[in-house]
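Hi,

Here is the structure I promised to pass on. Have a look at it first, and then read my notes below.

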Amino acid sequence: MTLLAHSSRATSSRPDLHRWPDLALPPSGPRTSLGAALARRFFVWAFSRMPVTVRLHEPGGVRTLGRGGPTMDVLRPDELFARIGRDANIGFGEAYMAGAWEAEDLQAFLHVPASRMDALMPPLVHRLRRLVAPRIGRHQRGGATDTRDNVARHYDLSNGLFEQFLDPTMTYSSGWFRTDREGEPIVGDDLQAAQHRKIDALLDAAGVGDGTRLLEIGTGWGELALRAARRGATVRSLTLSVEQQELARTRIAAAGLLDRVTVDLLDYREVDGLYDAVVSVEMIEAVGWRHWDEYFATIARILAPGGRATIQAITMPHERMLASRDTDTWITRYIFPGGFLPSLEALGDAAGTSGLVMRVNAALGHHYAETLRQWDASFVDHEDAVAALGFDETFRRMWHFYLSYCGAGFDADYIDVHQLVLSREGLR
């Protein structure tokens with residue numbers, strides 16, 4: 001796979017939706033120089049102690065760090081450290097986008113630091129870094145207009161892009177694979193079947209069957225709505241993505257289910273009516289922590305007596321969540337503007353303020369790691385097709401890093417994903 005960065009902007013049919021700063025030249029200036037010197041020292045200190053092999057390609061020769069394991073080749077060390085020194089949260093990923101470093105198995109390499117995040121810097125440096133970390137802009141705080149724009153920047157890139165790496169169901173969330181004797185997902189298990197297993201678990205937990213009035217918050221490309229309609233449910237699905245709405249409607253028409261499913265371009269806050277069940281899959285990550293109460297209040301308002309809601313949510317530990325609120329990260333800068341992961345505790349508290357009782361139905365973090373591994377492998381296999389859509393090498397490196405970075409986080413238990421069931425009276 002060739003993923004070397006030269007240009008700085010993808011040029012697909014929607015070029016306004018995936019801009020990023022020019023990465024052709026590394027940052028410079030006195031402040032960057034000081035930060036780069038500190039970044040080099042901490043990098044060497046941290047990775048010398050890890051089970052990895054890091055090769056620094058210095059002018060005088062190659063310097064090797066680590067204790068053996070997945071390999072990283074730092075082709076332009078000065079650039080890597082300058083980018084990290086300017087912005088520790090974002091520079092490491094930017095350096096990969098720009099081609100300053102490579103890894104033979106990117107997800108395997110990233111798993112090592114992801115499982116040792118607290119060991120990357122001394123505790124004092126961690127605390128000081130939080131004080132100077134860049135903050136997200138006002139456009140990422142989850143207001144109705146902001147959310148619509150932020151959703152478009154990711155999901156309206158191109159349906160053709162997502163078709164290159166998703167399975168035929170076009171489901172963009174964690175699957176639920178068969179497991180081995182230790183309870184771990186089977187590597188290489190069928191992804192399409194895993195997605196149907198996940199969807200069926202959500203529909204079962206919400207009690208969706210013949211005659212159910214179902215509201216789906218976050219359409220995706222329509223697979224859950226189709227599967228619910230085939231059970232006999234009447235489905236109203238909400239999305240803020242023009243591209244997703246278009247393809248979902250096309251798929252629904254092809255399935256002959258237009259009489260059972262409607263897909264509306266509508267913010268969740270504007271929905272009306274009563275529904276026997278509400279399902280929302282990995283949409284709350286785009287809500288923003290300031291609006292979690294509003295999100296659950298909406299569910300409580302539209303849920304008919306005796307109804308249930310099921311949501312699938314990517315989560316992080318509570319203390320880490322509190323420490324990272326409003327912090328700009330590589331993910332929010334380049335992948336999901338306005339995105340933020342809740343903790344289970346925060347979700348339970350927000351649901352409780354609306355009179356909803358929450359229980360955990362399943363934890364699928366390692367299943368997400370396998371899902372992302374398969375997506376990334378497919379993305380890499382279809383790199384030429386992605387390029388033909390107009391996405392340049394910087395974009396392709398960015399997307400490869402994103403899929404591998406997230407997969408490593410789930411595999412290392414740095415983040416998790418849960419299926420949750422909500423009702424007014426609670427469930428046994």
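Predicted model: local features only at pLDDT ≥ 70, side-chain atom pairs only at ≥ 80, totals over all residues.

Zooming out, the open sheet here has four strands, ordered E2-E1-E3-E4, with mixed pairing. E2 (61-65) and E4 (101-103) are the edge strands, each pairing on one side only. On average, neighbouring strands of this sheet are turned by 20 degrees against each other, if you ignore direction.

Now for the helix on this sheet. H4 lies across E1, E3 and E4, and runs at about 105 degrees to E4. How much of H4 is buried? Seven of its nine residues (106-114) are, so the helix is largely enclosed by the rest of the structure. The buried ones are Leu106, Gln107, Phe109, Leu110, Val112, Pro113 and Ala114.

E5 runs parallel to strand E6 (residues 234-239), and five bridges join the two. Within that pairing, Leu215 stands opposite Arg236 in E6. To get from E5 to E6, the chain goes through helix H9 (residues 223-230), making a right-handed β-α-β crossover. E5 also pairs with strand E8 (residues 275-281), again in the parallel sense, over three bridges. There, Glu216 is the residue opposite Val279 in E8.

Last, a helix pair. Helix H15 (residues 365-381) and helix H17 (residues 393-411) have axes that come within 7 Å and cross at roughly 160 degrees. Anything over 145 degrees counts as roughly antiparallel, and that makes H15 roughly antiparallel to H17. The crossing of H15 past H17 is left-handed. If you want to display the contact, the H15 side consists of Gly365, His366, Tyr368, Ala369, Leu372, Trp375, Asp376, Phe379 and Val380. On the H17 side, pick Arg396, Trp399, His400, Leu403, Ser404, Cys406, Gly407, Phe410 and Asp411.

Cheers

Definitions and conventions: Residues numbered from 1 in each chain as written. Heavy atoms only, no water. Buried < 20%, exposed > 50% of the residue type's maximum accessible area, 1.4 Å probe, protein only. Pairing = 2+ DSSP bridges. Axes fitted to C-alpha atoms, helices over the stretch in contact; angles between N-to-C directions. Contact = heavy atoms within 4.5 Å. Right-handed = clockwise from strand over helix to strand, strands pointing away. Parallel < 35°, antiparallel > 145°, perpendicular 65-115°, else oblique. Left-handed = near helix turned anticlockwise from the far one by under 90°.
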